[in-house]
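Reader: I want to learn how to read the features of a structure model. Can you take me through them one at a time?
Author: Gladly. Here is the model.

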Amino acid sequence: MIDINSLSVETPILIAGPTASGKTALALEIAARQGGRIVNADALQVYDGWRVLTARPTPEEEAAAPHALFGHVPFDADYSTGHWLRDVRPLLTGGLRPIIVGGTGLNFAALTEGLADIPVTPPEIRAEADALDPADMLATLDREDPVIAARIDRQNPMRIQRAWEVLRATGRPLSEWQAATPAPALPLSAAQPLLLDADRDWLAARIERRFDLMLEGGALDEARALEPVWHRAAGVRKAIGGPELIAVIRGELTLDAAREAAIIGSRQYAKRQRTWFRARMGNWRVLSLP
């Protein structure tokens with residue numbers, strides 16, 4: 001895949017790629033051969049509660065190399081790209097060379113391109129947005145923030161809601177906030193960016209096999225532990241397969257149906273990731289898989 005000896009031992013490494021493409025294994029190999037701290041850039045692996053289901057490094061993997069920003073956020077907390085960027089900044093300088101790995105393209109964009117310092121959405125506006133249909137929010141954006149409306153992934157309800165909330169909470173379009181974006185914490189030119197590009201069929205098979213391994217490795221036990229407090233879950237609800245496994249524990253869904261839904265959801269997510277990476281990461285070094 002890559003000659004690790006060709007990588008600088010001093011310059012930070014960024015590893016992005018779709019779910020189940022082998023990012024963690026590559027990060028661990030680089031850390032074993034060159035040293036460094038593996039830093040999470042995945043939006044779901046920050047949460048506690050779902051270690052197995054979100055494919056966080058195992059305890060054995062965490063013991064093999066220094067790790068940071070994995071499982072450090074309570075399952076009932078909201079955690080945004082802005083939170084992640086603030087947490088990752090102290091890890092960029094001094095100490096161990098960071099090996100930043102994950103599948104959340106927005107985190108990498110914020111890190112290497114900068115992120116506007118937008119105020120936190122008030123709870124009452126979040127509740128208002130939660131009650132709206134994405135199509136209605138898109139209609140508002142088309143009228144009042146056409147720049148974002150033309151740029152946003154119109155199939156992604158979370159991105160639509162975020163843009164609507166910013167407009168509603170601040171009275172200022174998200175596009176204006178983004179135009180005032182400060183300098184990036186880690187410019188792409190100061191890093192070694194690696195993008196894993198996986199063949200669709202190869203990746204689909206890996207996704208199916210990995211979910212079966214998750215079930216064998218205790219994902220249902222995680223769901224059983226979370227079920228009594230699931231009503232308090234915040235961002236962790238977005239873990240693919242999570243709501244389905246909770247439904248299995250509650251007797252509302254068969255395990256076979258939950259498995260099928262999770263695999264389909266993961267494949268759809270991987271497709272969105274690959275589309276986003278190809279559109280936004282043209283300056284990254286592409287590593288073709290398998």
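**Cavity, pocket, rings and buried residues**

Author: The largest cavity has a volume of about 40 Å³. Keep in mind that this is a predicted model.

Reader: How many cavities of 30 Å³ or more does the structure hold?
Author: The structure holds 1 cavity of that kind.

Reader: Now a pocket. What volume does the second largest pocket have?
Author: The volume of the second largest pocket is about 200 Å³. Its lining includes Arg200, Leu203, Ala204 and Ile207. Also on the list are Arg267, Gln268, Ala270, Lys271, Arg274, Thr275 and Arg278.

Reader: Which element gives the most to that lining?
Author: α13 does, with 7 residues. Both α10 (200-216) and α13 supply at least two residues each. The classes come to 4 nonpolar, 2 polar and 5 charged residues.

Reader: On to rings. How many aromatic pairs does the structure hold?
Author: The structure holds 3. Trp50 and Trp230 are among them, 6.1 Å centre to centre with 70° between the planes. Planes over 60 degrees apart count as edge-to-face, and this pair is edge-to-face.

Reader: What geometry do Phe108 and Trp284 have as an aromatic pair?
Author: Phe108 and Trp284 are edge-to-face, 5.3 Å centre to centre, with 80° between the planes. Phe108 belongs to helix α4 (residues 105-113) and Trp284 to the loop between α13 (255-280) and β6 (285-289), so this pair ties together parts 176 residues apart in sequence. Both Phe108 and Trp284 are buried.

Reader: A ring can also face a charge. Where does Arg172 lie relative to Trp177?
Author: Arg172 lies over the face of Trp177, at 4.4 Å from the ring centre.

Reader: Last, single residues. Is Gln45 buried or exposed?
Author: Compare the value with the cut-off. Gln45 has a relative accessible area of 9%, so Gln45 is buried, because buried means under 20%. Gln45 sits in the loop between β2 (37-40) and α2 (59-64). Then list its contacts, leaving out residues up to four places away in sequence. Gln45 touches Asn40, Thr54, Ala55, Arg56, Pro57, Leu69, Phe70 and Gly71.

Reader: What does Ala129 contact, leaving aside neighbours within four places in sequence?
Author: Ala129 is in contact with Met137, Gln161, Trp164 and Glu165. Ala129 lies in helix α5 (residues 123-130) and counts as buried, at 0% relative accessibility. Compare sequence with space for one contact. Ala129 and Gln161 are 32 residues apart in sequence, yet 6.5 Å apart in space, C-alpha to C-alpha.

Conventions. Residues numbered from 1 in each chain as written. Predicted model: local features only at pLDDT ≥ 70, side-chain atom pairs only at ≥ 80, totals over all residues. Heavy atoms only, no water. Helix = DSSP H or I, 4+ residues; strand = E, 2+ residues; numbered from the N terminus. Buried < 20%, exposed > 50% of the residue type's maximum accessible area, 1.4 Å probe, protein only. Contact = heavy atoms within 4.5 Å. Phe/Tyr/Trp six-rings, centres within 6.5 Å; stacked < 30°, edge-to-face > 60°. Lys NZ or Arg CZ within 6 Å of the ring centre and 35° of its normal. 1 Å grid on protein atoms, 1.4 Å probe; cavity = no way out; pocket = protein on both sides within 12 Å on 5 of 7 lines; lining within 4 Å. Points joined across faces, edges and corners; volume = space filled by probe spheres on them. Nonpolar A, V, L, I, M, F, W, Y, C, P; charged D, E, K, R; others polar.
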